[in-house]
Amino acid sequence: MYAIVEIHGQQLKVTKGQYIEVANTPRVGLCPGDTVTWDKVLLVETEHGLQIGSPMVEGARVKGKLLRYFQTPKVIVFKKKRRKGYKKRQGYREVYERILIEDILTAEQHGT
């Protein structure tokens, strides 16, 4: 069983028990250990067949658990214009979330 779900503007193929890493967007009140539910499910494949949404599958949800926040390695941005005396050095680290996919629910499973 797998699903294609939209998380923070990214479309990801997820399965139960999978760990995913997505770019963090500001979320109010989420701490590591909290449970998160996404209802923007585009496709669900079960043992009964394939459900394709138009654009979303009605009643389908994906439940996950936020494990931790982490930062990627620093990316150095260096700009220079020759013979002008212009140099600029910047660094950037993106914050990511590590999420464990706990369950994929269809409309029949949770009674909606």
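The points below go through the sheet, the core and some local features of this predicted model.

1. Open sheet. Four strands form an open sheet in the order E2-E1-E5-E6, and their pairing is antiparallel. Strand E2 (10-15) and strand E6 (49-52) are the edge strands; each has a single partner strand, so one side of each has no neighbour in the sheet. From one strand to the next the twist averages 20°.

2. The E5 to E6 pairing. Strands E5 and E6 run antiparallel and are joined by 4 bridges. Within E6, leucine 50 is the residue that stands opposite glutamate 45.

3. Pairings of E7. Strand E7 is joined to E4 by 4 bridges, and these two strands run antiparallel. Here valine 36 stands opposite glycine 64 in E7. Strand E7 is also joined to E10, again antiparallel, by 10 bridges. In that pairing valine 62 faces isoleucine 104 in E10 as its opposite residue.

4. Nonpolar core. The largest nonpolar core has 18 residues, and Val14, Trp38 and Val62 have the most contacts inside it. At least two residues of this core come from each of strand E1 (2-7), strand E3 (19-23), strand E4 (35-38), strand E5 (41-46), strand E7 (61-71) and strand E10 (95-105). In soluble globular proteins, nonpolar side chains tend to be buried together.

5. Valine 14. Beyond its neighbours within four places in sequence, valine 14 is in contact with Tyr2, Ala3, Val5, Ile20, Val62, Ile101 and Ile104. One of these, Val62, is also listed with valine 14 among the residues with the most contacts inside the core.

6. Threonine 106. This residue is in the loop between E10 and helix H1 (107-110). Threonine 106 counts as buried because its relative accessible area is 4%, under the 20% cut-off. Leaving aside neighbours within four places in sequence, threonine 106 contacts Met1, Val44, Thr46, Gln51, Gly59 and Ala60.

7. Glutamine 10. This residue belongs to strand E2. Glutamine 10 has a relative accessible area of 29% and is therefore partly exposed. Not counting residues up to four places away in sequence, glutamine 10 touches Val5, Val22 and Ala23. The C-alpha atoms of glutamine 10 and glycine 33 are separated by 22 Å, with the two residues 23 apart along the chain.

8. Rings and charges. The count of aromatic pairs is 1. Lysine 13 has its charged end over the ring of tyrosine 2, 4.5 Å from the ring centre. For lysine 81, the charged end sits over the ring of tyrosine 86, at 5.6 Å from the centre.

9. Backbone points to check. Most residues other than glycine have a negative phi, and most peptide bonds are trans. Histidine 8 has a positive phi, near 55°, and lies in the loop between E1 and E2. With 22% relative accessibility, histidine 8 is partly exposed. Arginine 83 also has a positive phi, of about 65°, and is in the loop between strand E8 (75-81) and strand E9 (86-92). Arginine 83 is exposed, with a relative accessible area of 72%. The peptide bond from serine 54 to proline 55 is cis, with omega near 0°; proline 55 is in the loop between E6 and E7.

Notes
Residues numbered from 1 in each chain as written. Predicted model: local features only at pLDDT ≥ 70, side-chain atom pairs only at ≥ 80, totals over all residues. Heavy atoms only, no water. Core = buried A, V, L, I, M, F, W, Y, C linked by side-chain atoms within 4.5 Å. Buried < 20%, exposed > 50% of the residue type's maximum accessible area, 1.4 Å probe, protein only. Contact = heavy atoms within 4.5 Å. Phe/Tyr/Trp six-rings, centres within 6.5 Å; stacked < 30°, edge-to-face > 60°. Lys NZ or Arg CZ within 6 Å of the ring centre and 35° of its normal. Pairing = 2+ DSSP bridges. Axes fitted to C-alpha atoms, helices over the stretch in contact; angles between N-to-C directions.
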